[in-house]
Each structure stands twice: as structure tokens, then as C-alpha cells.
Amino acid sequence: MDGPLLRVRGLTVRFDTPRGPVRVPQDLDLDVPAGTTVALVGESGSGKSVTALALLRLLRNPPATIEAGSALFEGKDLLRLGERELRAVRGARLSLVFQEPMTALNPVHPVGAQIAEVLRLHGTGRREAQDRAVELLGEVGIPDPRARARAYPHELSGGMRQRALIAMAVACKPALVIADEPTTALDVSVQAQILDLFERLRSTSGSSFLFITHDLGVVAEQAKEVVVMYAAQVVESGPVADVFRTPLHPYTRGLLESLPRLGASRDPSRPRRLAAIEGVVTDLARPPAGCRFAERCALVRARAPGTSRCATEPPPLREITPGRRARCHLAEAP
């Protein structure tokens, strides 16, 4: 197959609200190559989770409508598949690890039965599906998997529930797994175990992963490529090492500068304050005419605010150097 495993172009989702239409995400471009982990990064409300739900066609309509775009996955446009074709893809070739396992798992069915159901929907016999569900729980590191398969979600810890969701997502050995904030509600030690599990699954199964997160540490550890979102739009994309070393967009630069650094405050008499991005996030119901980050951008403030085209002309997402793109009029090659 030529090109990336998943190729999203111009994805726009419209939400009809009392204040008018809100588009989240808007004009989103995203590539996930085969056998690679890509991270989709952004603060809350930027459109990360909506993107995942849109790709699997799990958005409720109304209020959400996929207004534009395409999402080619293994040569088929996910946004235009019929319901029967879509059911054949979901779970088997493309799966999603939801952000909150307690609400994603059915509280009235044992965990093992829920994993077995995924297998049965895609052609596995009842007995074989039940045995395979137990094996999968063991593979994701749950102790005494046969007993845990009979347990209900409320009887498991948060880390075990997340592992059960991962087992469900990889049950049919999908080509692409989308993980939506898979470690957000977990303590640090369990987070590390879950991330190690993802890395092991990626190396053994050959699956691609799309990590949706706001945690730059997770990005640095897990991903090869990163896509940064701000106010429902992609503002930068490229290899993780390059983006972290020399960010092209002022928003990406602000995110990286706001991270705490070990040893930065060794002198107690001169404590180092964390850097912050000034201002507030754009109102997506009333987006500005120009760049959505312009009012918070240090580069714009240094160049006479209101006089540059940043305030009046929306910047395109353009390639600055091979493999690196930024949505910024002022971005230059490093």
C-alpha cells in the first residue's frame, strides 16, 4: 500500500450550539504511517478526542456533524463507508482505547465477556473467544486472568480496567489503535506500566498507534511523529525530536518552555518561575479573522500588535522544511 496507513485531510466537525456553529476540529490534516506511533497533542478543548470519535464515526448527530474532509484508511474513506463496512473495520482493523475505562466498559457484564464479544463480532467462535479473552488479559499484565475475566468493571482497579480496555482494543490485532489519553487517570507507577505495555504491543504486533494526549513526556517516550493542535487547528507537525529541539510555532515553543526542568532552581535565593503563555484560549464560537494564536503570541507583540497580517489573515499550514509544517506567517526554517 502506497502512502500512510491513515491519511486525514481537511477534517472539520461542526457543533450546532445556542451561540452558533462551532467547528472542532477545523481543517485537520494528519498522517499515521504504518508501524509508527504518532502523537496528537493539545490542551483540553482543542479537538483531540473529537477527532478520534469522528474517525470511528462515533459522534452523536445532532449536535455534531462531520462537515468536510476525508480519512483514508487502508485505501477506504472512513467518513463515507456504509454502516456494514464500518462495522467490519471498527474493532478488527481500527480500534479505540477510550479515555475513561469506567464509563467505556459495560458495568453489568463481566470484563472477559466484553472482550470475547469483540472477537465474536468478527467471526471467532464462542468457546474460542472466551479462551482468547483470558489469554489477552494475561498478555496485558493482569494477574490471575481467568478469575479477572469473571469480574465486573467495578471490581477492578483503575489500572486493571485500563488494561482490560487495551486488551479489548488489540483483541483482533488491528492495524491502527487510537489511544485517547490512556494514562490520564492513573498514578505514575501504573502510567509507566501502561506505556511499557503499549510499546511492547507495538513492537510485537506491528500495529500503528495514534496517541491523543496533553502530556509531552508521553510524547517524548512513545511517539516518532507529533501533531500539535491549538484552538481546533493543527499548528505544527513533524518528527518528535526535531519539534522538541527547534519548535517552529510560537504555541509549541510556549508549551515546551512551560515544562519544569530538573536542577533549574538549585539556588534557593533565585527560584525559577515556570514560564506561562499569556492570555486566554480563543473563543471558537467567535474566532478571530487572522491567526488564532495572535493575541497570545510573543512574536506578534514584539512586532506592533494589530499592524501585522497575523491579526487579519489566517495563516495556512505550510511546509517549512521537509517533513515539518507550521501554521504561522512568521515561522522560519531553523
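Predicted model: local features only at pLDDT ≥ 70, side-chain atom pairs only at ≥ 80, totals over all residues.

Trainee: At what angle do H7 and H8 pack?
Mentor: About 15 degrees, and their axes are 10 Å apart. H7 covers residues 158-170 and H8 covers residues 188-205. Angles under 35 degrees count as roughly parallel, so H7 is roughly parallel to H8.

Trainee: Is the crossing of H7 and H8 left-handed or right-handed?
Mentor: Right-handed.

Trainee: Which residues make the contact?
Mentor: From H7, Gly159, Gln162, Arg163, Ile166 and Val170. H8 brings Val190, Gln193, Ile194, Leu197, Phe198 and Leu201.

Trainee: How does that contact split by class?
Mentor: Seven residues are nonpolar, three are polar and one is charged.

Trainee: Switching topic. What volume does the largest pocket have?
Mentor: About 790 Å³. Its lining has 27 residues, and the closest to the centre are Gly91, Gln114, Val118, Leu121 and Met168.

Trainee: Which elements each supply at least two residues of that lining?
Mentor: Helix H2 (83-89), strand E7 (94-97), helix H4 (111-121), helix H5 (126-139) and H7.

Trainee: How many of the lining residues are charged?
Mentor: Five are charged, alongside 15 nonpolar and seven polar residues.

Note on methods:
Residues numbered from 1 in each chain as written. Heavy atoms only, no water. Axes fitted to C-alpha atoms, helices over the stretch in contact; angles between N-to-C directions. Helix = DSSP H or I, 4+ residues; strand = E, 2+ residues; numbered from the N terminus. Parallel < 35°, antiparallel > 145°, perpendicular 65-115°, else oblique. Left-handed = near helix turned anticlockwise from the far one by under 90°. Contact = heavy atoms within 4.5 Å. Nonpolar A, V, L, I, M, F, W, Y, C, P; charged D, E, K, R; others polar. 1 Å grid on protein atoms, 1.4 Å probe; cavity = no way out; pocket = protein on both sides within 12 Å on 5 of 7 lines; lining within 4 Å. Points joined across faces, edges and corners; volume = space filled by probe spheres on them.
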